[in-house]
Structure formats: structure tokens, C-alpha cells
Amino acid sequence: MRHLLIASLALSFACGDDDSTDTDPVDMGPIGSDAGDLDMGPGGDDMFTPEEDMGPTVECLDTVDDDTLEMAQDLGDYDSDVGFPADTVMGDIDPIVDLDWYQFHVADVLLGDVEPRYSLSARPAGVIWELCMYYDCDEGDTTFDCPVGSSAHMAGDIPGCCAVSSEGTPSITLAPACSGTTSEDGTAYARVSRQGGAVTCEGYTLSYGDE
Ligand SMILES: [Ca+2]
Ligand SMILES: [Ca+2]
Ligand SMILES: [Ca+2]
């Protein structure tokens with residue numbers, strides 16, 4: 001009898017297995033539903049595709065019209081003893097040929113030499129950025145030497161220096177002299193741009209002030 005019971009139990013187990021195997025397709029049903037969800041996945045992909053299509057047309061947050069020196073964003077007025085950084089501003093390069101201009105005015109005060117400075121204190125690495133800085137004396141002609149690692153560049157008749165880099169926090173400090181006056185009051189301009197590559201809305205932070 002025990003053998004029969006064991007045999008019947010084995011059969012029942014076998015049947016159980018068969019049942020579970022039979023129910024597996026039923027379980028597959030839900031999985032099939034999941035597969036249906038997965039089919040929704042491609043639907044999700046279809047929903048994703050428009051996003052990808054929107055990608056190139058999505059504009060970064062920075063849509064300020066500041067593509068020329070004349071339209072430079074005004075960062076304010078600072079005394080020559082304000083220190084660096086006085087403040088920061090954030091922007092994006094979009095489209096890739098975008099130029100972002102900034103300016104702040106420096107008042108030459110007794111306690112600080114005029115040494116305006118701009119720095120790309122944050123920017124996506126691995127792509128080539130250019131930081132240019134210019135200085136325009138309120139009175140007289142402007143002269144200065146470009147710091148090591150930068151090269152002279154003119155924006156119209158306003159002298160400046162440009163530095164190209166793909167890593168780190170490039171910074172330019174100028175020590176301008178204004179001819180015919182003892183005051184080095186003037187306007188410090190910056191131009192931020194990229195040299196090719198794909199647009200990323202992961203933009204940059206520009207720090208500024210007067211050392
Ligand atoms: Ca200073
Ligand atoms: Ca911009
Ligand atoms: Ca711009």
C-alpha cells in the first residue's frame with residue numbers, strides 16, 4: 001500500500017508539475033501582459049522618439065541675445081578692490097556657434113589696482129572652449145600684456161586676450177593701463193564660446209571680479 005501511496009503521490013507530484021507546467025502558460029499570460037507592457041515599451045520608444053526628435057530643437061535655458069560686444073550682458077559696476085570672484089553668471093552655448101558676451105565696469109579706487117578677471121569656473125570637460133577677455137579704458141588708450149597661455153585678440157578696436165582649453169578652469173586676468181590718465185577706470189568684457197562639437201545644455205559658470 002505504501003508503495004502505491006508513494007506511487008500515487010509521485011503521480012500527484014507529477015500531475016502537480018504538469019499542472020504547474022499547465023499554469024505556467026497561464027503565468028505566461030501575465031508575463032504575456034508584461035510582454036504587452038514591453039510591447040508598450042516600443043510604444044514608449046515611439047513616445048521617446050519624438051523626445052529624441054525634439055532634442056535638437058530643444059533650446060537650452062540661456063536664450064539671452066548677447067552675441068556681440070555691443071549686446072554684452074551687463075554684470076554691473078565694481079570697485080577695483082571688490083576681489084575675485086565678485087559674483088558668477090551661468091550660460092549655455094547653443095547653437096554651437098553661439099557667442100556669449102558679458103561686461104562689467106571697474107572703478108579704479110585707492111585700495112585696489114585694476115586687475116579685472118574672468119574665469120570659466122565650471123564647464124563640460126572634453127570639448128574645446130574659448131574664453132576671451134577685453135578691456136576698454138574709459139579714457140585714453142588701453143594697453144596690457146596677455147597672460148601666459150593666452151593670445152592677443154581685438155574686438156573691433158578693443159584689445160583683448162583669448163585662451164583655448166578643454167579641461168580645468170581657464171582664467172584671464174588683465175592689468176590694464178590707460179594712457180593720459182591716472183585712472184584705470186574701464187569696462188572688462190568676456191566672450192565665451194565653443195570650438196565645434198555637439199550642443200549640450202550642461203552649460204558653463206563664468207566667475208568675475210577684480211583681483
Ligand atoms: Ca583690484
Ligand atoms: Ca548663450
Ligand atoms: Ca549668445
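Two strands count as paired if DSSP finds at least two bridges between them. Keep that in mind for this predicted model, since much of the tour below goes from strand to strand.

**How confident is the model?**

Across the protein, the average pLDDT is 80, and 73% of the residues reach at least 70. Residues 1–55 are another story: pLDDT stays under 50 there, and the model shows zero contacts beyond four places in sequence for this stretch.

**Around strand E8**

E7 and E8 make a hairpin, with two residues between them. Look at Gly156 in that turn: its phi is positive, about 65°.

**The open sheet**

Next comes a sheet of four strands, open and antiparallel, in the order E2-E12-E4-E9. Which strands stand at the edges? They are E2 (83–91) and E9 (171–173); each has a single partner strand, so one side of each is left without a neighbour in the sheet. On average, neighbouring strands of this sheet are turned by 20° against each other, direction ignored. E2 finds its partner in strand E12, residues 204–210. Gly91 is bridged to Tyr204 of E12.

Here are the strand pairs with their bridges:

| Strand pair | Sense | Bridges |
|---|---|---|
| E2 and E12 | antiparallel | six bridges |

**A stop at Asp138**

Back at E5, this strand covers residues 129–137, and the loop that leads from E5 to strand E6 (142–143) holds Asp138. Asp138 has 16 C-beta neighbours inside 10 Å, so it counts as partly exposed.

Which residues does Asp138 contact, leaving aside its neighbours within four places in sequence? Those are Asp185 and Gly186. Ser183 is 45 residues away from Asp138 along the chain, yet their C-alpha atoms are separated by 8.8 Å.

How values were computed: Residues are numbered from 1 along each chain as its sequence is written. Chains are lettered from A and ligands numbered from 1 in the order in which they are written. This is a predicted model: local features need pLDDT of at least 70, side-chain atom pairs count only at pLDDT 80 or more; totals for chains, interfaces and linings use all residues. pLDDT is the predictor's confidence in each residue, from 0 to 100. Two residues are in contact if their C-beta atoms, placed from the backbone, lie within 7 Å. A residue is buried if 20 or more other C-beta atoms lie within 10 Å of its own, exposed if 12 or fewer, and partly exposed in between; C-beta atoms are placed from the backbone. Axes are lines fitted to C-alpha atoms, for helices over the stretch in contact, and angles run from 0 to 180 degrees between N-to-C directions.
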